[in-house]
Amino acid sequence: MRSHYCGELRAGLAGQTVKLCGWVNGLRDHGGVIFIDLRDREGIAQLVCNPEQAGVFAVAETVRAEYVLRAKGMLRVRPQGTANPQLATGEVEVVADELEILSAASDLPFHHGEGAGEELRLKYRYLDLRRPEMLARLRLRHRTLAAVRAFLNERGFMDVETPMLTRATPEGARDFLSPARNRPGRFYALPQSPQLFKQLLMMSGLDRYYQIARCFRDEDLRADRQPEFTQLDVEMSFVDEEEVTGLMEALAREVFAKVLGAQLPDPFPRMTYAQAMLRYASDAPDLRNPLELVELSEALREAQFKVFSAPARDPGCRVAALRIPGAADMSRRELDQLTEFVQAMGARGMAWIKAADPSRGRDGMRSPILKFLADGEISSVAERTGVAAGDLLLFGAGPAAIVNRALAALRDRLGRERNLIAPGWAPLWVTDFPAFEFDENEKRWKALHHPFTAPGVAAPRELLARPGATLSRAYDMVLNGHEIGGGSIRIHQREMQSAVFELLGLSAAEAEEKFGFFLRALEFGAPPHGGIAFGLDRWVMLMAEAESIREVIAFPKTQSGACPLTEAPAAVNARQLRELGIRAI
RNA sequence: GGAGUGGUAGUUCAGAUGGUUAGAAUACCGGGCUGUCAAUCCGGUGGUCGCGGGUUCGAGUCCCGUCCACUCCGCCA
């Protein structure tokens, strides 16, 4: 049916008879000659339809945008002066001697280049994906996955599939459930990740496993979060942190080099969780952004100003500042907008100081809060922040979680708005996470990573004695401010695993009921092992420089979890429910 | 669950302060045109202003509610 892709035609092929198939990208009807731009996966070719070929011309006159055509004709170099340098095939054209409409197209809901809204694009995703920009994104994704597979295959990793119908887990995100027809009242859960299965594969002696696995979490969506997403899941036996992170950053370097021709640093910088929170108020800092926080709790402990001194003395709180170079000319209106911005994130307010000439101390600055601060405190703040003439200082004071949230958001926003973000790639490892966090609402300990992460202590007794002080053997890979992967060395001893369950508030009976199969597996010879899981959608989104992961997923869901194309989720009929033994309430 | 932004021809958008017949571009339809590639020229069709209620002599515009989309917070072991 076809001899070439449209996009392959070049002057070197001139003189050949070619057969093309594709979609009508556009057409120009001059009355006496009709040009048709025919598009396929590889590009666009120009068909020339002359009235001398009466049959061809008659068909061409009826053709409309996005019709599917088959054409045959002689490929020739275009007449002098009519080449189109903007087209890869612009030096040549096909003089059609056969033209057939394989499929007509109705008027389109939107046209290429019109910049349709996202909801419409999703409803007619097959039209959206015809656009070269979208096709290029899918191709980038394919090449990334191919490069990942090649790297891991070469290094002895085995691709193993794990179940999509499995059991719900008590910890973690909300599960998607699927009723079990054969066991009325029971449910499968779709996997949040293949975590337990890949650990079981290590106990099976697989040694090195990977899988490009679909995962499901029923939580609210974000620009970089979908209810179903794709993980690159990796697990290795007889390894420590250095071996896993070393190999995985080599993987990232190879993929970026192969797919983008980009060079990532060797080795990646490393930062502890404590450092990341102190300097960037985030466990996934964007190191392209030069702004850094300055901790001021120590400097302001004795201040008369209670807004600062009270949190400065409270261990669960912090006082910190962000120095914005050259921003002292920011208007009152802009500062008010920033204040509203942090208030939306729970902050009480946002103190600021504009520095005209810091060398003159109090007299060289402007701020509503200066009158509450002693000269020594002002100079201490100036010294610690390194504030210079023309700079603006923004303060956060209060519960650490809120201050961190607000200052991290300010840092991101101002970095972007003031064009401070350096171009390029800034990967890093964040390590030494706390293993557990006390949840004040539920009054219980929660695993920061997951309950199978090995704590950095040798004995269960040490863990139970000081859970809040225990670090985990976890590591996150961060790229340009996004967590793109996270993993850990796992627990491979039953006693430690039981101790973690106990700490998390699972009784021995509950642990047996929910995880008995896994605890048993730990009793029959479990190798030390560890691994990592990457969010491939995020990875590709960053590589594609796209604004959301929806742009690199063929058929994504909207923020409410709906698919505008299929209109899923949809109602089911009463019979289906009856068979499954369930009823909608 | 919360905060914000948006919803007006098929599409992308404009419609200060409430005022008569809601506009533009593009698409679409008809016609002209033999070298275009955002073809071009002439003419034409096209609107429950997201939905429901309210205020008003009068609502695309103001108020209340609601739905949808997007961004963010919570949530995401």
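**Helix packing and the RNA surface**

Author: Helix 4 passes helix 6 in a right-handed crossing, the term for a near helix turned clockwise from the far one by less than a right angle. Helices (H or I, at least four residues) and strands (E, at least two) are DSSP runs, numbered from the N terminus. This is a predicted model, in which local features need pLDDT of at least 70, side-chain atom pairs count only at pLDDT 80 or more, and totals for chains, interfaces and linings use all residues. Residues are numbered from 1 along each chain as its sequence is written, chains are lettered from A and ligands numbered from 1 in the order in which they are written, and side-chain values use heavy atoms, with hydrogens and water left out.

Reader: At what angle do the axes of helix 4 and helix 6 cross?

Author: The axes of helix 4 (residues 132-154) and helix 6 (residues 241-260) cross at roughly 135° and come within 9 Å. Helix 4 and helix 6 are therefore oblique to each other; angles under 35 degrees count as roughly parallel, over 145 as roughly antiparallel, 65 to 115 as roughly perpendicular and the rest as oblique.

Reader: Which residues make that contact?

Author: Contact means heavy atoms within 4.5 Å. Among them are Leu 140, Arg 143 and Phe 151 of helix 4, and Leu 247, Glu 254 and Lys 258 of helix 6. The residues of this contact of helix 4 with helix 6 comprise 13 nonpolar, one polar and three charged. Ala, Val, Leu, Ile, Met, Phe, Trp, Tyr, Cys and Pro count as nonpolar, Asp, Glu, Lys and Arg as charged, and the others, Gly among them, as polar.

Reader: Now the RNA. How many residues surround RNA strand B?

Author: RNA strand B is surrounded by 51 residues, the closest being Arg 28, Thr 82, Glu 93, Gly 172 and His 449; a residue is near a strand if one of its heavy atoms lies within 4 Å of it. By class, 14 are nonpolar, 18 polar and 19 charged.

Reader: Which helix gives the most to that surface?

Author: Helix 2 does, with three residues.

Reader: What does the side chain of Asp 220 approach?

Author: A polar side-chain atom of Asp 220 lies 2.6 Å from a base nitrogen of RNA strand B. For Arg 225, an N or O atom in the side chain is 2.8 Å from a base nitrogen.

Note on methods. Axes fitted to C-alpha atoms, helices over the stretch in contact; angles between N-to-C directions. Polar contact = N/O pair within 3.5 Å; in protein donor to acceptor, adjacent residues only side chain to side chain.
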